[in-house]
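Q: I have the sequence and the coordinates open side by side, and I would like to learn how to read them. Could you take me through the features in turn?

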Amino acid sequence: MRVLGIETSCDDTGIAVYDGDRGLLAHRRYSQIALHLEYGGVVPELASRDHIRKTLPMVRRVLEEAGTGPGEIGGVAYTSGPGLAGALLVGAALGRALAFAWGVPAVGVHHMEGHLLSPLLEPGGPAFPFLALLVSGGHTLLADVRGVGDYAILGESIDDAAGEAFDKTAKLLGLGYPGGPAIEKAALDGRPGRFHFPRPMTDRPGLDFSFSGLKTACVHAVSGQEGVLDSRTIADIAAAFQEAVIDTLTIKCDRALETTGHERLVVAGGVSANALLRRRLKDLGDRRRVAVHYPRLELCTDNGAMIAYAGYLRLTAGQHEPLGFGARPRWRL
Ligand code: KG4
Ligand code: ZN
């Protein structure tokens, strides 16, 4: 089966075609970063309007690049939540309408399920079961994954997501949006030892996370400086912050691998693009003899390929939506 995937949950428009026999045939991502830049974060109304402009021309282009006509598409998958309500509705309406016009089934996919399954669309991807660390702008969670749709959440953030903490701290340091890549770059020049931030919730049992205190610790570090922040101080704070987030994520992964006994760890979501996180989790994997899997770098952040793939798995398992459609802005995995 060949599936068209549509992702519009936030500020990326993602379109892809996944084929059950041949894998990912084509995918395109359009980022709205430039549109939201001057506001320091995503403006929901602007996001919806831009998705409306971009989706249909991108569908045409991706079908062309995949060398496929609508007649060969066997199903359509779209992100139906969680995310921004208006943005989600654009993808859902388009996905449902195309499926109706082409006479094929449509399925609404959970955005985080898309991230979670994305490493499996690569050749040599992990087999079930595995431990998943999902780290994005909206979520931070550890899940015990036994099969498609069989997910037990072991721990999650009780406040800010890891990516959100990166974004807020970057804003505080005047590094712009999105904060993850900006902090990662600034931290390269950071000197270790000048600042030290807490590793929240690592001194007590359990697998939940909390990142809002870390952001507050950065606020105190900034307000403790006299005058305008110089670039060395910005780099030092960025490095200490990044170190604290990644150390915390690594400690919790270690703990989750210990309690579950899993031999595979899947890491996905925007923050999984972070090179230091990858290095630390590789060390953890080597130490525990656990294989660590990621999606390819361009599929770490939001994209249509992961939705096409998750939709393919759901559709081939016989699931699809009735003719109506909707968005679930606050949908639990
Ligand atoms: O998965 P994603 O594209 O969207 C959501 O589902 O939220 O994740 C976006 C998040 C943003 O918070 C961004 O700052 C973060 O991922 N991010 C990173 C890096 N690249 C993106 N965080 C740390 N290091 C990176 N290299
Ligand atoms: Zn995402």
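Q: What distance separates the centres of domain 1 and domain 2, taken over C-alpha atoms?

A: Bear in mind that this is a predicted model. The domain assignment gives domain 1 as 2-117 + 299-316 and domain 2 as 128-294, and their centres, taken over C-alpha atoms, are separated by 27 Å.

Q: How many residues of domain 1 are in contact with domain 2, and which elements give two or more residues to that side of domain 1?

A: A general point comes before the case: the size of an interface is often given as the accessible area lost when the parts come together. Here the contacts are counted by residue, and 12 residues of domain 1 are in contact with 18 residues of domain 2. On the side of domain 1 that touches domain 2, helix H1 (33-36) and helix H4 (111-117) are the elements that give two or more residues, and H4 gives the most, with 3 residues. That side of domain 1 divides into 7 nonpolar residues, 5 polar and no charged.

Q: Is Gly137 buried or exposed, and what about Gly180?

A: The cut-off for a buried residue is 20 or more other C-beta atoms within 10 Å of its own. Gly137, which sits in the loop between strand S6 (130-135) and strand S7 (140-147), has 24 C-beta neighbours inside 10 Å and therefore counts as buried. Gly180, placed in helix H6, is buried because 28 other C-beta atoms lie within 10 Å. Leaving aside residues up to four places away in sequence, the residues that Gly137 touches include Gly163 and Gly270, and those that Gly180 touches also include Gly163 and Gly270.

Q: Which residues does the UniProt annotation "binding site" cover?

A: In the unreviewed UniProt entry, that annotation covers Leu134, Val135, Ser136, Gly137, Gly138, Asp167, Gly180, Glu184 and Asn274.

Q: What span should helix H8 have?

A: At 1.5 Å a residue, the 30 residues of H8 (residues 231-260) should span 44 Å, and the end C-alpha atoms are 43 Å apart, which agrees. After H8 comes Gly261, whose phi is positive, near 75°.

Notes:
Residues are numbered from 1 along each chain as its sequence is written. Chains are lettered from A and ligands numbered from 1 in the order in which they are written. This is a predicted model: local features need pLDDT of at least 70, side-chain atom pairs count only at pLDDT 80 or more; totals for chains, interfaces and linings use all residues. Helices (H or I, at least four residues) and strands (E, at least two) are DSSP runs, numbered from the N terminus. The expected span of a helix is 1.5 Å times one less than its number of residues. Domain bounds come from an automatic or database domain assignment. Two residues are in contact if their C-beta atoms, placed from the backbone, lie within 7 Å. Ala, Val, Leu, Ile, Met, Phe, Trp, Tyr, Cys and Pro count as nonpolar, Asp, Glu, Lys and Arg as charged, and the others, Gly among them, as polar. UniProt positions are given in the numbering used here, feature names are shortened, and annotations may be inferred rather than shown by experiment. A residue is buried if 20 or more other C-beta atoms lie within 10 Å of its own, exposed if 12 or fewer, and partly exposed in between; C-beta atoms are placed from the backbone.
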